[in-house]
Amino acid sequence: MDSTATDRFDTSRFEASRTRLASLAYRLLGSAADAEDAVQDAFLHWQAADRRRIKVPEAWLTKVVTNLCLDRLRSAQARRERTVGAWLPEPLLDGDPMLGPADTFEQRESVSLAVLTLMERLSPLERAVYILREAFSHSHAEIAGILDITESASQQHLHRARRRITAARRQDGGETDPASARRIVEEFLAAATSGRTERLVALLTDDATAISDGAGLTEKLLRFDTPQRVAAVARAGFKPTAAKRRLAGGIPAIHYALVNGAPAILAVTGDQIVGAVTFDLTDGRIATVRGIATPARLTRLTEAWRRHEPDTPLIAQW
């Protein structure tokens with residue numbers, strides 16, 4: 001096989017792993033853009049390596065991508081950008097390959113916005129062990145090889161990660177069936193747009209919270225911590241005004257969607273998503289509302305939306 005044919009063959013071997021590597025990197029970094037960069041960096045490592053000496057390419061690439069992501073998480077820039085209260089994960093439309101694998105509850109949960117946010121409380125190593133074990137079912141022996149730690153250390157990191165995530169996570173009633181989730185979100189939207197505060201409060205859990213990135217106009221996330229405050233900000237946020245329409249670049253339509261496995265409503269102007277609101281549900285009520293409108297965080301979501309066949313909008317002209 002000549003060198004050109006060898007390069008084509010080796011490139012195809014890398015491409016066969018690209019989706020899995022991007023999914024791993026997204027879980028580790030919480031950012032699709034950063035995940036794509038990490039995978040591209042891994043490809044450069046792959047091209048520069050003596051590939052004849054790599055016995056199991058999938059294992060080698062997993063190790064490279066994981067460690068590239070750990071380097072990013074440990075960087076000074078990441079520490080500045082991801083300070084507590086200033087960072088939300090990048091939302092992805094259901095069906096995006098980066099959300100896979102999604103066969104088990106643990107795999108689906110590991111890519112939820114709730115768990116991606118909670119993983120910010122973990123050390124980079126704890127995060128890596130948790131993802132490699134819970135989402136990709138690697139053995140502790142395999143994880144030890146990927147991270148250059150002992151099996152015992154891998155087990156300890158996993159135990160600490162599970163304990164911290166469990167302690168911080170709300171108790172929930174399991175996965176809500178799709179029809180019920182959509183009904184709850186539609187009721188929330190109807191109450192918010194009509195200004196029915198009492199109905200909004202009734203749809204929320206007693207410890208409901210709302211988090212907004214302020215469309216990127218604030219340095220820290222905006223947080224509201226009682227059902228009454230969440231209802232008030234929802235009522236104000238969903239009231240259309242000329243200023244909001246100017247910011248959105250027109251009159252948006254409001255669509256229902258699934259984002260990172262959770263129910264969501266999307267504000268769409270033309271073919272551009274200008275805002276996403278996601279909901280965590282607990283026992284038939286809304287526990288967390290997240291508002292994401294920073295344009296850079298909606299790039300991949302918009303790209304997926306343009307390939308998507310949307311349902312009839314909940315509100316055609318907001």
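Q: What turns up at Asn260 in the hairpin of E3 and E4?
A: Asn260 takes a positive phi near 50° in this hairpin, which has 2 residues between the strands. The model is predicted: local features need pLDDT of at least 70, side-chain atom pairs count only at pLDDT 80 or more, and totals for chains, interfaces and linings use all residues. Residues are numbered from 1 along each chain as its sequence is written, and side-chain values use heavy atoms, with hydrogens and water left out.

Q: What makes E3 and E4 a pair of strands?
A: Strands (E, at least two residues) and helices (H or I, at least four) are DSSP runs, numbered from the N terminus. Two strands pair if DSSP finds at least two bridges between them. E3 and strand E4 (residues 262-269) have 7 bridges in the antiparallel sense, so they pair under this rule. Across the two strands, Tyr256 stands opposite Ile265, and Ala253 stands opposite Val268.

Q: How do you know that E4 and E5 pair as well?
A: Their 6 antiparallel bridges meet the rule, and therefore they count as paired.

Q: Why is strand E3 (residues 253-259) called largely enclosed?
A: A residue is buried under 20% relative accessible area, exposed over 50% and partly exposed in between (1.4 Å probe, protein chains only). In E3, 6 of the 7 residues are buried, so the rest of the structure largely encloses this strand.

Q: How do you know that both faces of E4 are covered?
A: On one side Ala262, Ala264, Leu266 and Val268 are buried, and on the other Pro263, Ile265, Ala267 and Thr269 are buried. Because 8 of the 8 residues are buried, E4 is largely enclosed by the rest of the structure.

Q: Why is Phe188 called buried?
A: Its relative accessible area is 1%, so it falls under the cut-off for buried residues. Phe279 is also buried, at 1%. Ala38, in helix H2 (residues 32-48), is buried at 0%.

Q: What is the volume of the second largest pocket?
A: The volume, the space filled by probe spheres set on grid points joined across faces, edges and corners, is about 990 Å³. A pocket is an open set of points on a 1 Å grid where a 1.4 Å probe fits, with protein on both sides within 12 Å along at least five of seven lines; lining residues have an atom within 4 Å of a point. Of the 37 lining residues, the closest to the centre are Gly237, Val274, Gly275, Val277 and Ala293.

Q: Which strand gives the most to the lining of the second largest pocket?
A: E5 gives the most, with 6 residues.
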